[in-house]
Amino acid sequence: MNGLSHILKPFTPILAAVYGFMLIYVTALPMADGKDTLGSHLLTWVLTLAIIALTYVLVRRVEPRVFPEARQFSLRWPMPAIALGLLLLTPLWGVAEGYIVYGLSSLIHTAQLESITYTPDELREDMLASVHAVLLAPVLEELSFRQMAISPFRRCGAQIIVCLVMALLFGILHVRNFLGASIDAMLYGLVFIWTRNIWYAVLLHVGHNLMATLLAVYCMLGIGEIQMSKTPVIILPDTKVVLAAVVLAIIGLVMLKKHRPA
């Protein structure tokens, strides 16, 4: 296996990206041609669950045999308190990301922001899509774009370079949201490298996507106002959301500090 490992290792990030692109394409097939029925969503969920199971077997059983370095990363689920603490940090990151993307894009041109409005039918469609975006896609994307790509490399410098490459490829996958997705992916990759556990990155990804879903409900209920640009994708929440995100982040930090491993 050592000879095969040395041959494959330089190509692992590209192979992982191709694998990720292919799986995401396959899981999107039931939604092709604009289909948005409950049946098509159910088929997408089932396909994604099956592919997640396959990918988990690959990173759990196959990858460590080909790349012994992958054993330095754990697949153990974190303590519930740690998981909740991480989720509570994500709203503040979502707010910060919106302003970062807005600031960077403003260096090139002024983004056209407008208030988001939702009808009940639009919200229903978003809720169905959010089941996949919140519960399934983060697991599949983190296993393929982070775990499979980064774990074969032992040195931290090489891991960070791969992290950057995968962040750019992940951004390309998200087309109009290239900048925001690339920044998010870089964060997820760095957290994975730092914690040596892919589930921390998955939790941040889940929390980020969950925040987008909750903001849709927030707008639908008329509680506040969210400004958005579609190209590039920028979401700027109002002051109430920002303050709530800060409070949740403080609670999350307290939980992480209290329950961090010794």
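Guide: A crossing is right-handed if the near helix is turned clockwise from the far one by less than a right angle, and left-handed if anticlockwise. Keep that in mind for this predicted model. H4 passes H8 in a right-handed crossing. Helix H4 covers residues 80-106, and helix H8 covers 198-220. Their axes come within 8 Å and cross at roughly 55 degrees. H4 is therefore oblique to H8.

Now the residues. H4 brings Ile 82, Ala 83, Leu 86, Leu 87, Thr 90, Pro 91, Trp 93, Gly 94, Val 95 and Glu 97 to the contact. H8 answers with Tyr 200, Leu 203, Leu 204, Val 206, Gly 207, His 208 and Met 211. By class, 12 residues of this contact are nonpolar, four are polar and one is charged.

Arg 196 sits in the loop between H7 and H8. Its phi is positive, near 60 degrees, and it is not a glycine. Arg 196 is partly exposed, because its relative accessible area is 25%, between the 20% and 50% cut-offs.

A cis peptide bond joins Thr 231 to Pro 232, with omega about -10 degrees. Pro 232 lies in the loop between strand E2 (226-230) and strand E3 (233-237).

Technical notes:
Residues are numbered from 1 along each chain as its sequence is written. This is a predicted model: local features need pLDDT of at least 70, side-chain atom pairs count only at pLDDT 80 or more; totals for chains, interfaces and linings use all residues. Side-chain values use heavy atoms; hydrogens and water are left out. Helices (H or I, at least four residues) and strands (E, at least two) are DSSP runs, numbered from the N terminus. Buried means under 20% relative accessible area, exposed over 50%, partly exposed in between (1.4 Å probe, protein chains only). Axes are lines fitted to C-alpha atoms, for helices over the stretch in contact, and angles run from 0 to 180 degrees between N-to-C directions. Angles under 35 degrees count as roughly parallel, over 145 as roughly antiparallel, 65 to 115 as roughly perpendicular and the rest as oblique. Contact means heavy atoms within 4.5 Å. Ala, Val, Leu, Ile, Met, Phe, Trp, Tyr, Cys and Pro count as nonpolar, Asp, Glu, Lys and Arg as charged, and the others, Gly among them, as polar.
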